[in-house]
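Have the structure open and follow along.

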Amino acid sequence: MDAEVENPMKGILLKVLSVVIFVCMSTLIKAAGSEIATGQITFYRSAFAMVPILGYLALRGQLRDAFKTKDIGAHIARGFVGILAMSFGFYGLVHLPLPEAIAIGYAMPLIAVAFAAIFLGETVRLYRWSAVVIGLVGVMIITWPRLTLFREGGLGSSEALGAAAVLLSAALGAIAMVLVRKLVRAERTHTIVLYFSFSASVFSLATLPFGWPSISQKAFLLLMIAGFCGGVAQLLLTESYRHADMSTIAPFEYTSIVLGLIIGYFLFEDIPTSTMLIGTAIVVGAGIFIIFREHRLGLERRGARKHVTPQG
């Protein structure tokens, strides 16, 4: 493991915090309404995300050098894949109940673990694979009774299309995670985040000819706040990749289910069933196991370094 990823616990903490803020962002977007064009949503989300990013850079005195990069092509590729993932995800979000959209999106961490092993050469041992699979089983326990893909309406229903869109978003999101993981090896966090928000805004504008409906002041405000939250969460998420392997922090996407259940109950009157509670317990348990495992491995690595005889 390289020196940038020697603090897995910090990476996990940053990941969890970003997930919480992302769930708040998703709630705001869903509350804005289902009549808003997907490209319109992605534009507001990306454009207003630049506000906290630029503010952060200004406070740190890094604004002048923010756009300096060693690989503009990689940033454009990450932005294109990221905006596709975002677009499909938002389409599914506005056509599905919030907890269900979140849960189906949990396919992304498992795909990301596989991609990390295949494309980045990260070591994924049995313990981590087991925890990811157990966590995914917990997700299926939560969602199986509610999956609209198997309800009346068939594959042509808006719910089924929404579910398919979220699954496609998960696969594209996993690719984006791999691209970010590569970028953090040579690029600064704020440069990666700034280029993503900028390129995503530009790509989103390409959907303008397809029609953007006028929106209410309330919807505009919700989308504006959602974009701001997205910028903050993106900073935290990108920074998390600098401190831990992607395959280590990816499973912590599951922590959003707890917040999703709470929001679903209070805002959407979705009363948790026994299967949802059991599944949530399994998912959280899997996450706690990974934290414990990473803590033990960290102690072992530090112990091994202390016992290495210096070579003179």
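A crossing is called left-handed if the near helix is turned anticlockwise from the far one by less than a right angle, and right-handed if clockwise.

## Before we start

This is a predicted model, where local features need pLDDT of at least 70, side-chain atom pairs count only at pLDDT 80 or more, and totals for chains, interfaces and linings use all residues. Residues are numbered from 1 along each chain as its sequence is written, and side-chain values use heavy atoms, with hydrogens and water left out.

Helices (H or I, at least four residues) are DSSP runs, numbered from the N terminus, and so are strands (E, at least two).

## α8 against α9

Helix α8 (residues 189-205) and α9 cross in a right-handed way. Their axes come within 9 Å and cross at roughly 130°; axes are lines fitted to C-alpha atoms, for helices over the stretch in contact, with angles from 0 to 180 degrees between N-to-C directions. That makes α8 and α9 oblique to each other. Angles under 35 degrees count as roughly parallel, over 145 as roughly antiparallel, 65 to 115 as roughly perpendicular and the rest as oblique.

On the α8 side, Thr 189, Ile 192, Val 193 and Phe 196 meet Gln 234, Leu 235, Thr 238 and Glu 239 of α9. Contact here means heavy atoms within 4.5 Å.

## α2 against α9

Helix α2 (residues 38-59) also meets helix α9 (residues 217-240): the axes come within 6 Å and cross at roughly 55°. This pair is oblique too, and the crossing is right-handed.
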